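Subject: Structure for you to look at

Hi there,

Here is the structure I promised to pass on. Have a look at it first, and then read on for my notes.

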Amino acid sequence: GDTVSFDSVSAKLNPDDPLSSQLNYAPGGVLISLRAKSEGSETFVTNRVSWMYTNSCDTLPTSVGDAIGWITLTDQTEASPAFCTAAPPTISPTNMPTPLPTSAPVAATDPPTTSPTKSPTLAPV
């Protein structure tokens, strides 16, 4: 049979920029429309399929082996590790030190009042 392939628009995103600044380029879904004619037939048949992307790394809209009409998905590329933390890492962890925590506040405060007062106060009584 014939082969149809397409590159994901997301493969052309800049991995050095956060995805949130490139959402106008990120696809929301796919619509495929194929027309074919069986051998010896004059009648065209149309196969239309669409799916939406959730941008979730845990959920893929298709899987290898999925059959959609006369189309069978035979290959699929994993998500880019630059945009999907679920993808296998490609770089080693850094040796950057973890910053030390800051000290707790040292200013003492007065305890709150135990019952409502009749007039507003500017400070705890």
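The mean pLDDT of this predicted model is 74, and 66% of the protein's residues reach 70 or more. Please take care with residues 86-90, where pLDDT stays under 50. The model has 7 contacts beyond four places in sequence for that stretch. Where pLDDT is low, the predicted coordinates should not be read in detail.

Now to the strands. Strand β1 covers residues 29-37 and strand β2 covers residues 44-52. The two run antiparallel and are joined by 9 bridges. Together they make a hairpin, with 6 residues between the strands. In the turn you will find Gly40, whose phi is positive at about 85°.

Arg35 is worth a click. Its bridge partner in β2 is Thr46. Arg35 also lies over the face of Phe44, at 4.4 Å from the ring centre.

Are the two partners buried or exposed? Lys37 has a relative accessible area of 42%, so Lys37 is partly exposed. Glu42, with a relative accessible area of 66%, is exposed.

Happy browsing, and do write back with any thoughts!

Best wishes

How values were computed
Residues numbered from 1 in each chain as written. Predicted model: local features only at pLDDT ≥ 70, side-chain atom pairs only at ≥ 80, totals over all residues. Heavy atoms only, no water. Buried < 20%, exposed > 50% of the residue type's maximum accessible area, 1.4 Å probe, protein only. pLDDT = per-residue confidence, 0-100. Contact = heavy atoms within 4.5 Å. Pairing = 2+ DSSP bridges. Helix = DSSP H or I, 4+ residues; strand = E, 2+ residues; numbered from the N terminus. Lys NZ or Arg CZ within 6 Å of the ring centre and 35° of its normal.
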